[in-house]
Amino acid sequence: MTTANSQALTERQKGLAACACLMAQGDLTRLEPAVRTALDNGVTINELKEAFSQLYAYTGFPRSLNALGVLGKVLENKQPNWQEGKPWKRPAEWDDAKKAYELGKKNQTQLSGRPFNYDFCPQDDYYLKAHLFGDIFAGDQLTAADREIVTVAALSGLEGVAPQLAAHKQGAVNMGNTQQLVDELCAWLCNEGYTLSTKWPKGEKNPYGKYFIGQSYLADVGGDIMRSAQSDASSSATSLKNVTFEPRCRNNWHVHHKQIQVLICVAGRGWYQEWGKEAVEMTPGTVIAIPAEVKHWHGAAKDSWFQHLTYHKDVQEGASNEWLEAVTDDVYDKLK
């Protein structure tokens, strides 16, 4: 078995993880460029076929077939540096149900760290052993360590699968990855915005959506904060809001009159730009105080969700927001 001894994810492993996570979410728009990047970074065509096929057991056939469709579309413009990979061959276990079952039992025991028998539902116990860990794991395009990177990444992109994700994070170590690599994988998926792992609520669709390109969400998370007991309005602050942006989503250019806006990035990656200045990248922990009367915009990176907290302070009498023109693709696509 191949063991991933390094404590840093390789670009190849990142490529596999990104494709698996986006495939699980059914995000075909982002999956297409992720497939190209993965192929550029050493993932082979046959490895992607194997990964998308394996994940049908976790995400269902529709998303597996859709992802394979995206791969086929990308290959219509196949690049010279993309590798086909080792030739696919039919596993011998497919022709011997007993061998497939025994292989699956062995793989499941190693992954779980102990013999695992799901007596509560004998049907699923058999499917897990004979098919998932037998038939599917019998393929030789991906190592067992790679398979668990793919599985952890896919489950990280789904909601309501916390027990399975926890089990496979440990299983990824049991199948040959280091604990450090698994931890880095989950942190990387979050920081790059493939998953929105955050304690802050996403909220409902933003009622100010007409001033945004793309979909955003708004949640009131703090009620009134830092509101002074004094009656002077200049010392007050507005309630704390959480704004969540889908990839590429950004608000229009706008100005806050007679008030300072504060942005605090809490998840994903995004941009803040003032008129006439270079854009500033925002990552978790970035805090920006926007002076009153400054024209600006903020939003998500092309390939990442983005979430920031916001409130206004030093709010003067007659304070207002002035929404202006949209941030065009010509401006936005120049950001790197």
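A crossing of two helices is called right-handed if the near helix is turned clockwise from the far one by less than a right angle. In this predicted model, the crossing of helices H2 and H3 is of that right-handed kind. Helix H2 spans residues 28-40 and helix H3 spans residues 45-54. Their axes lie 10 Å apart, and the two helices pack at an angle of about 135 degrees. On the H2 side, the contact is made by Leu31, Val35 and Leu39; on the H3 side, Ile45, Leu48 and Phe52 take part.

The model holds 14 aromatic pairs. One example is Tyr217 with Trp305: the ring centres are 6.5 Å apart and the planes meet at 25 degrees, so this pair is stacked. The two residues are 88 residues apart and link distant parts of the chain. Tyr217 belongs to strand S3 (residues 216-224), while Trp305 sits in the loop between strand S11 (296-300) and strand S12 (306-313). Both Tyr217 and Trp305 are buried. Elsewhere, Tyr211, Phe212, Phe245, Phe306 and Trp323 come together as one aromatic cluster.

Charged side chains also meet aromatic rings here. Arg147 lies over the face of Phe137, at 5.3 Å from the ring centre. Lys295 is placed over the face of Trp275, at 3.6 Å from the centre of that ring.

Conventions. Residues are numbered from 1 along each chain as its sequence is written. This is a predicted model: local features need pLDDT of at least 70, side-chain atom pairs count only at pLDDT 80 or more; totals for chains, interfaces and linings use all residues. Side-chain values use heavy atoms; hydrogens and water are left out. Rings of Phe, Tyr and Trp (its six-membered ring) pair if their centres lie within 6.5 Å; planes under 30 degrees apart count as stacked, over 60 as edge-to-face and the rest as tilted. Helices (H or I, at least four residues) and strands (E, at least two) are DSSP runs, numbered from the N terminus. Buried means under 20% relative accessible area, exposed over 50%, partly exposed in between (1.4 Å probe, protein chains only). A charge sits over a ring if NZ of Lys or CZ of Arg is within 6 Å of the ring centre and within 35 degrees of the ring normal. Axes are lines fitted to C-alpha atoms, for helices over the stretch in contact, and angles run from 0 to 180 degrees between N-to-C directions. Contact means heavy atoms within 4.5 Å.
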